[in-house]
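Please read the following briefing alongside the sequence and the structure. It is intended for a reader new to both.

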Protein chains: 2
Amino acid sequence: MQTENPVTSAPFAHIDEAVALAHAAQATYGAASRAVRSALLRGLADALERDAAQLVAIADKETSLGDARLNGELARTAFQLRGFAERVDAGIANLQVDDAAVPGAPPAGRPQLTRVHVPLGPVAMFSASNFPFAFSVLGGDTASALAAGCTVIVKPHPGHPELSRRVHALAARVLREQGLPEGVIAFVDQASREAAVHLVGHADVAAVAFTGSYQGGVALWRATNARRRPIPFYGELGSINPLVVLPQALTDGVETPAATLAASITMGCGQFCTSPGLIVVHDDADGDRFAQALAQTLSTQKPHAMLTADMHRGFESATAHVAAQAGVRVRLAASAENDEAAAPAPRLFETDAQTFIANAALHEEMFGPAALIVKVRDEAQTLDVLSAVEGSLTVTLWGAQADTAANRALAATAQRIAGRVLFGSVPTGVAVCDAQQHGGPWPASTQPQTTSVGYAAIERFLRPVALQGAPQWAITATSGTATAE
Amino acid sequence: MQTENPVTSAPFAHIDEAVALAHAAQATYGAASRAVRSALLRGLADALERDAAQLVAIADKETSLGDARLNGELARTAFQLRGFAERVDAGIANLQVDDAAVPGAPPAGRPQLTRVHVPLGPVAMFSASNFPFAFSVLGGDTASALAAGCTVIVKPHPGHPELSRRVHALAARVLREQGLPEGVIAFVDQASREAAVHLVGHADVAAVAFTGSYQGGVALWRATNARRRPIPFYGELGSINPLVVLPQALTDGVETPAATLAASITMGCGQFCTSPGLIVVHDDADGDRFAQALAQTLSTQKPHAMLTADMHRGFESATAHVAAQAGVRVRLAASAENDEAAAPAPRLFETDAQTFIANAALHEEMFGPAALIVKVRDEAQTLDVLSAVEGSLTVTLWGAQADTAANRALAATAQRIAGRVLFGSVPTGVAVCDAQQHGGPWPASTQPQTTSVGYAAIERFLRPVALQGAPQWAITATSGTATAE
C-alpha cells in the first residue's frame, strides 16, 4: 500500500520536475493576497482572449468542434476566470467563522476559536477531451484551484496536445509578467497511464481533479487511494442524464420536443458530460409518436467527427453492447456508410422499464450521439427507473411544473440521484454561476458533495482549520485580509 | 468489485432489517420540517438528562471512566443535540443560493438556478469506544445526521454494549412519543468485522460515519470503496497531535508546563483522539529540564483502567514497538507491577529529529497514556518534524504568540498538517461550536475537509442540488421552508 514515490525516478523525471516546481511555488502562492490571485485570474482571461483567433484555429484542427462552438467555449473560459477573480476579491476563499471565548466549564464554556480556510496544496489537474478550453489547461478546475491558492500541475489531454502547449505557454507568460513563479501552473507534457499513476501517487501532490472516462477515472481514483496517505480525488466520471417526458409535455404535439431533444443529444457529437442518454417516456400512443419523431429527427442530424479515433471506437463498442442486450430494440441504427466515417451517425435504442431496471449494462454511459428510450407504464415505474440509475449529473423533467403529489415524488427522486434537476429545457449547457452544481452520486462524481462547474468549485481545494486562542496576526495571515504578499 | 449486497442474506438478517427500517423511514424523515427535526433533537437531549444517573452508572461499569467525566460527557452530548436543534431551526440545513435568470447568450446569459441541499440518506454510524456518550449512539455523528435529515443505523461499540442498548431504547421511546418511525434511529446489535463490512456494503446505505482505530477504519473505508457505487465515508482514524514547546514557553520554569502537559497526556487514560502524542522540544538545557520534569510528573500519575482489554494490549504493543526502534530512548518505562494491572502506567520516549523524520514507525499513534519527545536543533528542524507527520487532528504551539517570521512559518506549517491549531492550552477537550474543526489530512480523517465535532459536521450529510427553472413549490419543498411534514 506504500505507493508514494521517491522525489525522483528516472522514467518520470519530467513529472517529478513539474511537481517540484508546483511544490516550490505553493508557499509563495498559497500565502499571496487576494489581489495577487485575482490579478492572475484576470491576466489569464485577457491573454486567452488576445490570442483567441490563433488558439481557436489550433483547437479546431485538433478537435473538429468548429469555430462557433470553440469561440463560445473560449469566451466561457475567460468569463469563468474573471468570475473567480471577482469572487476572490469578495473573499470567497477567506470565509471566517468566529466563536468568542465563553467563560465557565464545558460544554457551554469554551476557548476563543476562529475557523479559517487554507489551500490544500499542489493539485494534479487532468484535462478533459471534450472541452479543450473550459475543462482543460485553464478550465474550471485550474481556475478554482488558483482561486483557492493552490498551485496546479496540468496533465493535458492527448486529444489536443498542441493547443494545450500553446495555452500553457500563454499562462507561463502571464505568470512571468506578474512576477509569479512558473510552478504556479506547472505542466506535464506526457500522456501514458503509468505517468498519470505516478503523478497522483507523488508525495507532494495534495489533491487530484479529473474529468474524463469512467475507466480512466476509476483507475486513477484507485491509485490515489493506494497512497500511504490518500488525498482528495475529485473525479467527474460519467453520467447518463435521464430526461423524463411526462404526457403533459406532449399535449402540444411531439415534433418540437423531439427536435429540441435531438439537438441536445447530438450537440458536440454527443460528447457532453450532460448529454441526455436516457429518455423516459410513457408507454402510450403519444409516447410512441414521440419516440418515432425523435428517431426521425435524429436520423437527419449530421454530427461532426468525434474528438479522437479512440473515442469513436469507444462509441461504436458501447452502442453495440447496448444493442446486443436482450429486450433492447434498435430504433435508429447506424447505416453502413456512417459506420466508416469519422463522424458517427446518431443511435436510438428502446426498452421497457423492467428490462432496464434489471440490466446494469443499460445504466452505463454511451459517450457520443446516442440515447436509450425507456417506456414506463406509469409514474411509479418512472421512479423505479430513476432509482435504478443511482447517480447522474442531471435529471431533466418535462411536464412536471404543476404542484401535484406525483410531481413532488418525481422531483424528490430526481434530487436523490442527481446534482442538477431541470424543470424543462435540456441538460447540455452548464451555466457558470454561484448556484450551479455539477456533480452527483457515483458514478457522476467520486465526491458527490462537490461541484466542478460554478463558483462553489473552489471549496474542493480549501480545507477548514480552527485556530484556537490565536493571536490576531495568525488569523489575519490565514484569512487573507493581509494586503502584503 | 460488485460487493453491494442483496436485500437479505441470512447471516446478517439483523443488519438488513435495521437498514430496511432506516431506508423506509428516510422518505418521511428526509422531508420532515425543521420543527420536527429540532423537536426530535431536543427530545433526545431531554431524555438523556432525565435518565442521567442510571446511564452514567452503566457507563462507568462498562468503561471505568468515572462519574465526573461521564456526567460531563452526558451533559456535553445533550448540549450538542440542543445546539444542532437551534441551528436546524435557524436553517443550517436549508442554505439556499439563488441565481436569477440572465437574458442573452452564454456565458453571461443563464437560466434561473437555485442551489439547495438534500439529505444523503441513511447513514451507517460506527460508535467509538472512548466517548460512550458523545461519540456513541446519540453522539455528534448521529446528531449531525439527524439534523441534516438523514436516518441513522447505529453500530454500537462492543466496549459499552449495555449502555448502547439503553440509550437506543431511550431514543426509540422518544421517536414513538413524537410519532416518528423507529427507523429514524435504527440499531444493529451485532459486532463482528464481517457484519460491519456487510453494513457499509449495503445498497441502501448512503454514507458512513466512523470514529475508531486506524486499522478498523481503513478496512471499512476499503470495503466502502469496493462497492459498485461507492458512497462517502467519514472516518476519523488516528492522530498524534504534535505539541511544540518553544523556548519562550519555558522562561518561567518547566514545572507548570510539564504538569499541564502530563495531565493532558494521561486524561482519560490517554484515550482521547486529541491526546498529545508527540512533544517537540528544543535540544537545549531548558528542553532537557522540561523533558525530565514531564517524565517525573507522568510517573506520579495513576490513570484508570483502559476501556477494553484489547485496547490495553494494543497500547502495550504500540509502546513496545516504539521502544524497540533504533535511536529511541525510554524516558519513562512501565514498571513490572503496572504492566500486569488493567490500568497501564504512562510511558515517555525520546528521540532526535532526524531519527523521527526517517522512521515512519514513529509517526503512528500510541493510543493510551504515552508520548514521544522529539528534540530539535532549531526552528527549521521543527518545521521538518511537523511536515513528516503529514496529517493530524491538532497541532499545539506553546510560546508562539509573538508576530515573528519564525512563528508565522510555524503557524503555516501547523495549518498545513492539522485541522485545529492551538496557541497555548492543550488539545484534549474539543469545544462544540460553529468554528470548531475536528478533522485533518490523512490519517486524521478520510475526508480532511470535514469535521466530526461542531456544527459544520452537518455538511457531511447534505448534498447540494441545483434546481434549474424550478417552480416555487419544488424549491420550497426542498429548502425546508415548508411547515407541513
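Through which surface do the copies meet? Of the interface residues of chain B, 100% are also interface residues in chain A, so the copies meet through the same surface. This is a predicted model, in which local features need pLDDT of at least 70 and side-chain atom pairs count only at pLDDT 80 or more, while totals for chains, interfaces and linings use all residues. Residues are numbered from 1 along each chain as its sequence is written, chains are lettered from A in the order in which they are written, and side-chain values use heavy atoms, with hydrogens and water left out.

**Extent of the interface**

- Contact, meaning heavy atoms within 4.5 Å, links 79 residues of chain B with 79 residues of chain A.
- The two chains bury about 6100 Å² between them, 53% of it on carbon and sulfur atoms; this is the accessible area (1.4 Å probe) lost on being put together, summed over both.
- On the side of chain B, R229(B), Q449(B) and W473(B) lose the most area to chain A, together 14% of what that side buries.

**Polar and charged pairs**

- Between chain B and chain A there are 42 residue pairs in polar contact, both at pLDDT 80 or more; such a contact is a pair of N or O atoms within 3.5 Å, where within protein one must be able to donate a hydrogen and the other to accept it, and residues adjacent in sequence count only if both atoms are side-chain atoms.
- The chains also share 4 salt bridges, each a side-chain nitrogen of Lys or Arg within 4 Å of a carboxyl oxygen of Asp or Glu.
- E390(B) forms a salt bridge with R229(A), with the closest N and O atoms 3.4 Å apart.

**Strand pairing across the chains**

- Strand β15 (residues 462-468) of chain A is joined to β14(B) by 3 bridges, and the strands run parallel; strands are DSSP runs (E, at least two residues), numbered from the N terminus, and two of them pair if DSSP finds at least two bridges between them.
- Within β14(B), L422(B) is the bridge partner of Q468(A).

Notes
Helix = DSSP H or I, 4+ residues; strand = E, 2+ residues; numbered from the N terminus.
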